[in-house]
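Let's explore a protein together, one question at a time. Take a look at it first.

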Amino acid sequence: MNVARRAAAPVLALGLTLGAVPAQGATAAAPQLAATVSDVPPSKLGASYEPGCPVPPSRLRLLTMNHWGFDGRVHRGEMIVHQGEVRPLLHVFEKAFEERFPIRRMRVMAEYGGDDTKAMAADNTSAFNCRRVTGDARHLSRHSFGDAVDINPAENPYVDRSGRVHPPGVEESLDRDRPAKGVITPGDAVTTAMEDAGWEWGGRWSPPDYHHFSADGT
């Protein structure tokens with residue numbers, strides 16, 4: 001991972017907030033990313049974690065941050081990530097926010113019982129989830145380590161080794177030239193920021209996983 005590039009990302013201590021609040025009487029500034037980082041309470045892990053997972057809860061962090069929605073409004077979301085990936089991911093979502101890249105929803109996987117199929121069907125953007133690879137249960141998913149993120153699965157589908165599209169019913173989204181909100185494309189704010197952070201995009205794989213990014217390229 002490119003440490004020099006990661007140094008340019010915002011530094012955020014536990015419990016602190018990223019994003020300034022305008023002084024009283026001052027002209028309101030344009031919306032900007034506001035994020036907090038904290039330890040992860042057990043209720044936020046739920047079924048997404050179980051004993052024996054490769055990363056203990058003590059090495060995970062809860063990111064609470066705002067993001068643009070498909071309705072053109074700013075919403076508050078949550079995501080659990082490995083403590084070592086807080087800086088690069090804050091950099092990514094700061095750039096995405098600046099470009100008003102829309103995210104449907106951002107909820108911790110506990111809200112879906114750790115079920116990736118349910119989360120994809122809800123078009124949920126998430127990171128940590130201790131599970132096997134969807135469509136290939138022989139391998140542990142990189143999400144189990146907290147250093148992989150899925151963004152807008154319905155707009156950016158995953159095609160597994162058997163050719164099955166996840167989530168079901170979004171096959172038209174495989175047409176990457178089709179104009180649509182929340183679609184990830186080469187050179188856009190999301191892929192550029194991920195590359196700056198040293199992360200790799202599954203959209204370049206064959207078969208592709210358009211919603212998946214990871215720190216180690218798997």
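Q: How do strands E3 and E4 pair, and over how many bridges?
A: Strands here are DSSP runs of E with at least two residues, numbered from the N terminus, and two strands pair if DSSP finds at least two bridges between them. E3 covers residues 60–68 and E4 covers residues 74–82. Their pairing is antiparallel, over nine bridges.

Q: Before we go on, what kind of model is this?
A: Residues are numbered from 1 along each chain as its sequence is written, and side-chain values use heavy atoms, leaving out hydrogens and water. Local features need pLDDT of at least 70, side-chain atom pairs count only at pLDDT 80 or more, and totals for chains, interfaces and linings use all residues, as this model is predicted.

Q: Which residue in E4 is the bridge partner of Trp68?
A: Let's stay with the E3 and E4 hairpin, which has five residues between its strands. Among them, Gly72 takes a positive phi near 80°. The partner of Trp68 in E4 is Val74.

Q: Is Ser126 buried or exposed?
A: Ser126 sits in the loop between strand E6 (124–125) and strand E7 (132–133). Buried means under 20% relative accessible area, exposed over 50%, and partly exposed in between (1.4 Å probe, protein chains only). Ser126 has 6% relative accessibility, so Ser126 is buried.

Q: Which residues is Ser126 in contact with, leaving aside neighbours within four places in sequence?
A: Contact means heavy atoms within 4.5 Å. With those neighbours set aside, the partners of Ser126 are Met79, Arg107, Met109, His143, Ala148, Val149 and Asp150.

Notes:
Helix = DSSP H or I, 4+ residues; strand = E, 2+ residues; numbered from the N terminus.
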